[in-house]
Amino acid sequence: MTKTISEREIAFATLYEITENGVYSHVILGEVLNKYQYLEKRERAFITRVVEGTLEHQIELDYILDQFSKTKTRKMKPVIRCILRMSVYQLKYMDSVPVHAVCNEAVKLAVKKGFSGLKGFVNGVLRNVARSLDQVKYPGKEEPLRYLSVRYSMPEWIVKLWLDAYSFEVVEQILQGLQEKRPLTVRCNPMQGTPEALKKRLEKEGVTVSVHPYLKEALILSDLDHLSALESFRDGAFQVQDVSSMLVGEVADPAKGAKVLDVCAAPGGKSIHIAQLLDGTGSVEARDLTEAKAELIRENVKRCKAENLTVKVADAQCEDPDWKEQADLVIADLPCSGLGVMGRKPDLKYRMTKEDALQLAELQRQMLSVVKNYVAPGGTLMYSTCTIHRAENEENVKWFLKEFPEFELEEIRPYLPEVLRADAQTLSGCDAKDPEDTDAQKSRSENGQLPETKDTAAPPAGMIQLLPGVHACDGFFLAKFRKKKR
Ligand SMILES: C[S@@+](CC[C@H](N)C(=O)[O-])C[C@H]1O[C@@H](n2cnc3c(N)ncnc32)[C@H](O)[C@@H]1O
């Protein structure tokens, strides 16, 4: 097929839709790659890399451009700003792309988009950047907020939020972790065989597989094209899930025969995990707000052949009297600001605001105050988010325990992989600035073991904040509550 549009033009149009019209990056990239299936694999990879890379480094790219252009990026015409950003990304991060190709293509694109009058400006700025890229002066560490924000392209409000909660070193580790390419992690379906058998099966299908250091059921896959091309995937032998999310099921540790309610379940990762841990016994009801979300759960349930799982459309904000004190386990994996998974969704950091994140913390409180009513006396409530935000995590836990004294935190360390146990937090220890400073850490005996059972006075370490860069997983928070028996 003759090409009427270049890969740079496609990357530009995609970026423009995301940054100027607010379209979600993962949605539009999926559509674009689908539409231009006829392009070569190399060209499709170029489009993805330029779009995701430009978004990922946007603050840094603007900082560089502002040093070379009299018109600052915020005052530029959106089309020109978009062309310049993606061009500087190629100059700085894509060694294989020659400078003249970047500049010439940017000029051509500006002309094609109706800005022939600015072709000299585009060419001049880019040639200048290319010549002096090594001499760009970045903010120094004496201005920690600005340094971290520009160096890692993270909006200042998020950096500030984290600097208020963690030391400079930990925040830098988180930011580095978010920029690293996240591996594809999957969880073995225990109903279909052992992780060892799945590993062999995947290797036969041409996939490179390693076992995640935290859980033997978690496999890291690489060298694969499409998941749906794998028979093992179509058969439901595994489910894509970050290892942090797998910990919800591990820590919940449901007893065989348990009655489980997952109030925000789509696309079904945690519900299906728990249904499998129940080994076909008990029941899981997986709920989400809309029919479209419920359908996503159904598709995954069908593929994984989980028979003890039903799906229902229901609003977690509205109380369902039929479930009052009926559940042995309630899973509340609630909507959140997602600051722990920004590595997977590069535009999220520019969309989320401090106010939105605080509103989400309020929404979580409202949902928790409804869904806690479903827990039977002696039963468990698991609260989790994929964010790094004390208001949504530790502060919500504090609020919950104060508001609903019939609940208490339950010790989670025995259920965690050994390397994570020291980072579990108690209620009083969750204000510590460093993960190493937690109460749980302090209450460990010298050889790093859990306290002996006779140490009953030790407060339970019932929650954990996982941090990318510090831990080998996404940013994630979980807490385990037990409803006291009457
Ligand atoms: C973090 S995701 C859940 C991920 C899921 N637990 C898993 O492991 O696959 C949060 C979910 O909450 C759902 N949600 C948002 N508001 C809701 C509401 N009022 N009632 C029920 N579900 C809601 C969203 O549709 C989204 O699917």
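**Reading burial, contacts and a helix side**

Biologist: Setting aside its neighbours within four places in sequence, with which residues is Ala 266 in contact?

Modeller: In this predicted model, Ala 266 is in contact with Asp 288, Lys 293, Leu 296 and Ile 297 once those sequence neighbours are left out. Ala 266 itself belongs to the loop that runs between β5 (259–262) and α14 (269–277), and the UniProt annotation "binding site", from an unreviewed entry, covers Ala 266 and Asp 288, among other residues.

Biologist: Is Ala 266 buried or exposed, and how is that decided?

Modeller: A residue counts as buried if 20 or more other C-beta atoms lie within 10 Å of its own; Ala 266 has 22 such atoms and is therefore buried.

Biologist: Which residues of helix α18 are buried, and why are they on the same side?

Modeller: An α-helix has 3.6 residues a turn, so residues three or four places apart point the same way. In α18 (residues 394–403), the buried residues are Glu 394, Asn 396, Val 397 and Phe 400; because they cover an arc of only 160 degrees around the axis, they are on the same side of α18.

Biologist: What covers these buried residues, and which residues on the other side are exposed?

Modeller: The cover includes α17 (354–371), β10 (407–409), β12 (463–466) and β13 (476–483), whereas Lys 402 and Glu 403, on the other side of α18, are exposed.

Definitions and conventions: Residues are numbered from 1 along each chain as its sequence is written. This is a predicted model: local features need pLDDT of at least 70, side-chain atom pairs count only at pLDDT 80 or more; totals for chains, interfaces and linings use all residues. UniProt positions are given in the numbering used here, feature names are shortened, and annotations may be inferred rather than shown by experiment. Helices (H or I, at least four residues) and strands (E, at least two) are DSSP runs, numbered from the N terminus. A residue is buried if 20 or more other C-beta atoms lie within 10 Å of its own, exposed if 12 or fewer, and partly exposed in between; C-beta atoms are placed from the backbone. Two residues are in contact if their C-beta atoms, placed from the backbone, lie within 7 Å. The arc is that of the directions from the helix axis to the C-beta atoms.
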